[in-house]
Amino acid sequence: MRDVYLSNCEKNFVNKIVSEGHRLDGRTYNESRPLNISFGSEYGSCIVSLGETKVLAQVSCEVVQPKQIRPNEGLLYINVEMNPMAAPHIEANRQTDLAVHLNRMLEKAYKDSKCIDLESLCIVVEEKVWSLRVDVKILNHDGNLIECASIATLTALAHFKRPDVTRSGDSVTIHDITEKDPIPTVLFHYPVCTTIAIFNTDILLADPNFLEESVCTSSIDDGTTPCGGLLIIGFNQYKEICVMNLSGAALSSAGIVRKGLQGASDKCKEVVDLVKKAIISDDTLRRKRVKINFSDIITQDHLQCLSKKDLNIKLKHYNIDDEVDDDIMDADSDPEPSKYDVVASKPQTAEIQTKQGASQWIEISSDSEED
Amino acid sequence: MKVSVGDVVLPGDFSEEIAAVGEKGKVILGPGLRKEVDGIYITKAGTLKKRAPNTFWVDNYQKRYIPARGENVIGIVVQKAGDIFRVDVGGSCTASLSYLSFEGATKKNRPKVVNGDVVYAKMLVASKDMEPEIVCVDSHGKKGRLGVLEDGFVFKCSLNLIRKILNPECPLLNSLKNEWPFELAAGMNGRIWIKANTMRETIALGNAILGSEYLSNDEIKSMCTNIASILAGHIS
């Protein structure tokens, strides 16, 4: 993985604006980006988008031999893949630390928390069990990958249905979906992970975007500002902790974690409710034989629509619908004399010269104008 | 497939139109076109465009910068290596910036540049097989507008948006300049550096620039007025 280069001015600006109580995209500290879940044509495939972060998850199943020590339990594999499509700094065909970390977090949340009833995946003890495989593909990386990936994994697992199996004597028949209704996966509880970025050791930001994530984990050269970190917390709908992971150099007091946990538990519950609702509504649509596939999101989120939301830099009250005011048009008709001059100094540049002279780097020397 | 100017083209398509013009006179092939022994081939997906007399290129939505000579770019200094700085300009490899290519710099008088600084520079060498080289002075040794950018904020956007706001017909900068004072430097590599008196004004500026990507000229004007009224309204 190539380095992500972060300039000092981005770091200083984000740190300053966060300490003043704002965020770049106009959100409050505890506000998440809009979450959107859409399903594919098959059971167990979904695309989850959290703002501009997008993750595709697909569950598949096959019949395998169980492990010797657990002869009556099915298997669960989670596989995370990233490629340069997600972000330009990710290299192709190379396992990055980020992908390994993500994989481990998801395994902790869904395998180690025992949320899936693996015993129900057993067909013949010591001989045949179902093996579920979750393929998670990162489509776009704009921060908070773990939350987006975990929602995608959970939704895909909860949405997935495996073919029905009948045993008669020694023979096992796997029925086609058209023959017999497929069986949904049994989930004991629904864990969801969430990320909290810690700034200046005491400011907590929910759902950090890529810039906020890289700023809070980056070290500051002069060493004056204390560093922050990322806190990953996983909760299920009963508000029980499933995962917790702290990276960076942030932990200065236990109060931070407690503060983070309170916000995260409510948020995770909301997300789980949303996932359940999405699956139920998808199920009713499928029963009515409405065709569902990913083409829906392509038409919904085409290029022109993207401009209306998810700007990375946004004022809190910016809303595109307010814009069309008729009285504005009158103002355009008589061009006002401008206070500031736009000068095209060189080809391909245009700069506003302020009369207040806010910085030193533009020196409007007389000889440069003559050139 | 055979294509002509104005068509939506795909890699592998070929244009006999350009080849025919090329037989008569000189033709300039822009991004997305390549000359092979048996004709002109398309290497990018997009629309084939032409500018009189004989310039052709493929236009598409793009975020990845491909260095081109003479363009002004914004880069981040990532490494000091002997007498050059390595600068990330968003291309496939870092660009090199000699410490002598600053105004008034000599071997003894080194410019003050540290890692993480943002520089506004001009592409001097942009070859297909070599590391690009950038400079912070013009041919007279003057810095003009180039140099290290201090404070402010840098954000990334698509290359198309940069071209749009630098287009003299785009009303964005002209509408914004009446509203509040600010400084702006737009690099052709899809990075914009902005600076205003307050944080809120800086964010409003970034918002206006990013928001203008898919708006028409009239909509841009009304958006700028709208943003200014939000700013003036003191709604937190």
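Chain A exposes about 18,800 Å² in this predicted model. Carbon and sulfur atoms supply 50% of that area. Of the 371 residues in chain A, 46% are buried. The chain holds nine helices and 16 strands.

A UniProt annotation, from an unreviewed entry, places the domain "Exoribonuclease phosphorolytic" on residues 31-163 and 189-228 of chain A. The span 31-163 is 23% helix and 36% strand. Its end C-alpha atoms lie 40 Å apart.

Helix H4 of chain A runs from residue 210 to 217 and is mostly covered. Six of its eight residues are buried. These are Leu211(A), Glu212(A), Glu213(A), Ser214(A), Val215(A) and Cys216(A).

Arg27(A) lies in the loop between H1 and strand E1 (35-39), and Glu212(A) lies in helix H4, so the pair ties together parts of chain A that are 185 residues apart in sequence. Both Arg27(A) and Glu212(A) are buried.

Across all chains, the whole structure has 25 salt bridges. Two further examples are found in chain B. The side chains of Asp59(B) and Lys49(B) meet in a salt bridge, with an N to O distance of 3.5 Å. Asp59(B) belongs to strand E7 (residues 55-59) and Lys49(B) to strand E6 (residues 46-51), so this pair ties together parts of chain B that are ten residues apart in sequence. Asp59(B) is partly exposed, with a relative accessible area of 24%. Lys49(B) is also partly exposed, at 34%.

The second example joins Arg191(B) to Asp88(B), with the closest N and O atoms 3.1 Å apart. Arg191(B) sits in strand E16 (residues 191-196) and Asp88(B) in strand E9 (residues 84-88), so the bridge ties together parts of chain B that are 103 residues apart in sequence. Both Arg191(B) and Asp88(B) are buried. In chain A, salt bridges that share partners form one network. It joins Arg23(A), Asp25(A), Arg27(A), Arg33(A), Asp142(A), Asp207(A) and Glu212(A).

The domain assignment of chain B gives domain 1 (8-59), domain 2 (72-149) and domain 3 (153-232). The C-alpha centres of domain 1 and domain 3 of chain B lie 33 Å apart.

Asp283(A) is found in helix H5 of chain A, which covers residues 254-287. Asp283(A) has a relative accessible area of 19%, and is buried because the cut-off is under 20%. The side chain of Asp283(A) makes a polar contact with the side chain of Lys161(A), at 3.4 Å. Asp283(A) and Tyr29(A) are 254 residues apart along the chain. Their C-alpha atoms are separated by 35 Å.

Key:
Residues numbered from 1 in each chain as written. Chains lettered and ligands numbered in written order. Predicted model: local features only at pLDDT ≥ 70, side-chain atom pairs only at ≥ 80, totals over all residues. Heavy atoms only, no water. UniProt positions renumbered as here; feature names shortened; annotations may be inferred. Helix = DSSP H or I, 4+ residues; strand = E, 2+ residues; numbered from the N terminus. Buried < 20%, exposed > 50% of the residue type's maximum accessible area, 1.4 Å probe, protein only. Areas by Shrake-Rupley, 256 points an atom, 1.4 Å probe, with all protein chains shown as cover. Domains from an automatic or database assignment. Salt bridge = Lys/Arg side-chain N within 4 Å of Asp/Glu carboxyl O. Polar contact = N/O pair within 3.5 Å; in protein donor to acceptor, adjacent residues only side chain to side chain.
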